[in-house]
Structure formats: structure tokens, C-alpha cells
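Hi,

Here is the structure I promised to pass on.

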Amino acid sequence: MKLVTKILVAVAILAIIPVAVGLFLPKERQVMRGMVIDQMYFMVLGNISNHWDEPSWRHNLDTMIQKESIDGQDCWMEYYANGDSIMLLTQTLGEFDYVRRMIQANGNELTRSITLADYNGATVVRIVEEVYEPDPLKRFTALFSDPVKKRVEQYLSDLKEKAIKQNEEMGDDDGMFGF
């Protein structure tokens, strides 16, 4: 009987520790990732802003559906292969910044900003995505396996792969259209 009690206490402690650690982690955080893509920035911006084409090059995206504009901003629904979905309100701020306000199924409104910068004929792409997670256990597990970080990294990887294919189709192996 003492052995069963010790095992139950050990299991309870192991179950409580992740929740306790998660309680001390912030509910709001940012995921920031960047990449250099060997393509002119206007081509990269064209890929980012062409929502109709996104399901053809984004591996984790199943469908994009345009909705009615909200406050003058284009509105889209992203449906992912894993069943998740996000509503996006998109706007361009200046020549190099592209902002998507994300409205999640639970009503959280977050921001994904994409900044482009020309770098010797290539484009530096930086994505900053806000994350709000009220669940302390999910905050704890995000320390080891963060689904938002994976989604942003997959987006950048897919964007780079799309640029490589476009460069090959144009016969431009160095990515700079012969300049």
C-alpha cells in the first residue's frame, strides 16, 4: 500500500510541476524569425500578398478563402492541413511592411508583421508573430515544441522554396535576374 501511495504522489508531483512552471511563464510573447531569400523584394512581396496562390506553395495551408472587407482591410480565412484556422485582416504599411491581424477561433486578436529589406539584390524577410496562451500547460510545452515557431519557420521555408522555383523558371540561377 505504501508503494502505491508513493507512486501516486510521484505522479501527482510530475503532473503539477509543468503547470506550476507554466504559471510563471508570460501569457503573451512574440515569435520572431528571419531569413534571406535570394530574390528581389518586390517578387517576395508579390508572393506574400497573393493570397490566392498561397495554398499552392505553403505545405501546411489547405485553403484560403476571401471574406468581405472589414474596416477597409482585406479579410481572409486560412485553413490549415491540421484542421486549425485563422481569420486574417491584411494591410500594407509603407513599401516594406505587411501586417496581418489574426483573429483566432477563440477570439484572440494578434498581429503577424512581415518586414522586407533589400540586401544586395536579395531580400531579408523578418516575421514577428504575437502569441497569447492562457493555458499554463501549453505555455510549458511550448518551451520544448512551439507550434507557432514551427508554423513561422515553415512559412519562411515555403517562401524560400517558392522563390527558388520562380528563379529556376526564369532561368535565373543566381536569383538576381542577370544584374
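How many aromatic pairs does the structure hold? Four, where rings of Phe, Tyr and Trp (its six-membered ring) count as paired if their centres lie within 6.5 Å, with planes under 30 degrees apart called stacked, over 60 edge-to-face and the rest tilted. One of them is Tyr41 with Phe42, edge-to-face at 6.2 Å centre to centre and 80° between the planes. Tyr41 is buried at 17% relative accessible area, while Phe42 is partly exposed at 49%. (Buried is under 20% relative accessible area, exposed is over 50%, and partly exposed is in between, with a 1.4 Å probe and protein chains only.)

Trp52 and Trp76 make another edge-to-face pair, with 5.0 Å between centres and 80° between the planes. This pair links distant parts of the chain: Trp52 is in the loop between helix H2 (41–49) and helix H3 (54–57), and Trp76 is in strand E3 (residues 73–80), 24 residues apart. Helices (H or I, at least four residues) and strands (E, at least two) are DSSP runs, numbered from the N terminus. Trp52 is exposed at 59%, whereas Trp76 is buried at 4%.

Before going on, a word on the source: this is a predicted model, so local features need pLDDT of at least 70 and side-chain atom pairs count only at pLDDT 80 or more, while totals for chains, interfaces and linings use all residues. Residues are numbered from 1 along each chain as its sequence is written, and side-chain values use heavy atoms, with hydrogens and water left out.

Strand E3 also holds Gln73, which is buried at 12% relative accessible area. The Gln73 side chain makes a polar contact with the side chain of Arg101 at 3.0 Å. (A polar contact is a pair of N or O atoms within 3.5 Å; within protein, one must be able to donate a hydrogen and the other to accept it, and residues adjacent in sequence count only if both atoms are side-chain atoms.) Leaving aside residues up to four places away in sequence, Gln73 touches Leu89, Thr90, Gln91 and Arg101, contact being heavy atoms within 4.5 Å.

Now the charges. The whole structure has 11 salt bridges, each a side-chain nitrogen of Lys or Arg within 4 Å of a carboxyl oxygen of Asp or Glu. Among them is Asp146 with Arg29, the closest N and O atoms being 2.7 Å apart. Asp146 lies in the loop between H4 and H5 and Arg29 in strand E1 (residues 28–37), so this bridge ties together parts 117 residues apart in sequence. Asp146 is buried at 8%, and Arg29 is partly exposed at 28%.

Glu153 and Arg33 form another salt bridge, 2.9 Å from N to O. Glu153 sits in helix H5 and Arg33 in strand E1, 120 residues apart. Glu153 is partly exposed at 36%, as is Arg33 at 28%.

Arg112 and Glu129 also meet in a salt bridge of 2.9 Å, N to O. Arg112 is in strand E6 (residues 109–119) and Glu129 in strand E7 (residues 122–132), 17 residues apart. Arg112 and Glu129 are both buried. Salt bridges that share partners join Glu54, Arg58, Glu78, Arg100, Arg112, Glu129 and Arg151 into one network.

Cheers
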